[in-house]
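Me: Could you walk me through reading side-chain features in a model like this one? I'd like the general idea each time, then the case at hand.

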Amino acid sequence: MASIRMIPGEPALIILEKSGKRNLVVADMHIGIETSLGVEGVVRNYIKKNLERLEKLIKENKIHKLILVGDIRHRLPIEKEYWQAVTEQEELDRRIALEIPDLLLKFKQLCDVLIIPGNHDGALKSYFPSVEEVLIENVGIFHGHKILSEKMQKAETIVAAHSHPAVVFRDKLGYRAAKKAWAVGKVGKSKTRVIVVPAFNEFITGTGINEKQKLLGPLFKTDTFKVEEVDLYTLDGTGLGKVSSVNNEEFFSQDDQKKYKKLSPRRDAYGKRKSYPS
């Protein structure tokens, strides 16, 4: 039976086969979302940094196969008639989108590469082997935007993407912080475990499941999957409990609250605010 290990601090996991082969799974890279920054030099720098992160994970963990689970690129190039003007933003989007296959080809020199296409990844099929879903011993992997096949339904663990899971923290003063999170749940009363992988791209935090209480895709819209029963984990492996218990009311412990009050004197400790003539 294959075993699964999340990589601490990274939205990536390793599937270790009985033979010893190591498969690295990353999802929702959305290469090109950086073009929203507008400055081409900045865009290319961030894309380079993301790909270097991936290269480092492959080398450090001695990976045999890299599995890219959908939405590898962010946009398809916009096609316009010759008489329609192309904006600078559209032209940048187009150049980045066309360069993505070449950017990814270097990973073939490090390990095998398999693509499970998302909505915008069709053109990458001619560069890399691709499948709609893959079963590695007892672990099934798919992007999440389509219905599971019968073969995949028999897997003990299903690894999915597409939802960009995150958790939202809100303190007593109303400050809000969102962090990428692993979402782990079960399908109905079966023993089938579902692991939803956070987005690899650092610009995508994701959707706070404890706020929205939903995951994307047909699998999570059935009565047999209870989102409120999903367990959330931060990237460093900290267990936060079930979605239903992470309710955003307060995230300070009692000790933290006492400490916070000592560090934050009340306004009336300073007296009334003075008014000055303009």
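Me: Let's start with Phe 203: what does its relative accessibility make it count as?

Reply: Keep in mind that this is a predicted model. The label partly exposed covers the range between under 20% (buried) and over 50% (exposed). Phe 203 has 36% relative accessibility, so it counts as partly exposed. Tyr 46 gets that label too, at 26%.

Me: Why is the pair of Tyr 46 and Phe 203 edge-to-face?

Reply: Look at the angle between the ring planes: over 60 degrees counts as edge-to-face. Here the planes of Tyr 46 and Phe 203 are at 80 degrees, with the ring centres 4.8 Å apart, so edge-to-face it is. The count of aromatic pairs comes to one.

Me: Which parts of the chain does the pair link?

Reply: Distant ones: Tyr 46 belongs to helix 1 (residues 40–60), while Phe 203 is in the loop between strand 11 (193–196) and strand 12 (207–208), 157 residues apart.

Me: And which charges lie over a ring face?

Reply: Arg 53 lies over the face of Phe 200, 4.0 Å from the ring centre. Lys 106 lies over Phe 107, at 5.7 Å from the ring centre.

Me: Now His 164: buried or exposed?

Reply: The cut-off for buried is under 20%. His 164 has a relative accessible area of 15%, so it is buried. You'll find His 164 in the loop between strand 8 (157–160) and strand 9 (165–170).

Me: What does the side chain of His 164 join up with through a polar contact?

Reply: The side chain of Asp 28, at 3.5 Å. Leaving out residues up to four places away in sequence, His 164 also touches others, including His 30, Ala 199 and Ile 204.

Conventions
Residues are numbered from 1 along each chain as its sequence is written. This is a predicted model: local features need pLDDT of at least 70, side-chain atom pairs count only at pLDDT 80 or more; totals for chains, interfaces and linings use all residues. Side-chain values use heavy atoms; hydrogens and water are left out. Helices (H or I, at least four residues) and strands (E, at least two) are DSSP runs, numbered from the N terminus. Buried means under 20% relative accessible area, exposed over 50%, partly exposed in between (1.4 Å probe, protein chains only). A polar contact is a pair of N or O atoms within 3.5 Å; within protein, one must be able to donate a hydrogen and the other to accept it, and residues adjacent in sequence count only if both atoms are side-chain atoms. Contact means heavy atoms within 4.5 Å. Rings of Phe, Tyr and Trp (its six-membered ring) pair if their centres lie within 6.5 Å; planes under 30 degrees apart count as stacked, over 60 as edge-to-face and the rest as tilted. A charge sits over a ring if NZ of Lys or CZ of Arg is within 6 Å of the ring centre and within 35 degrees of the ring normal.
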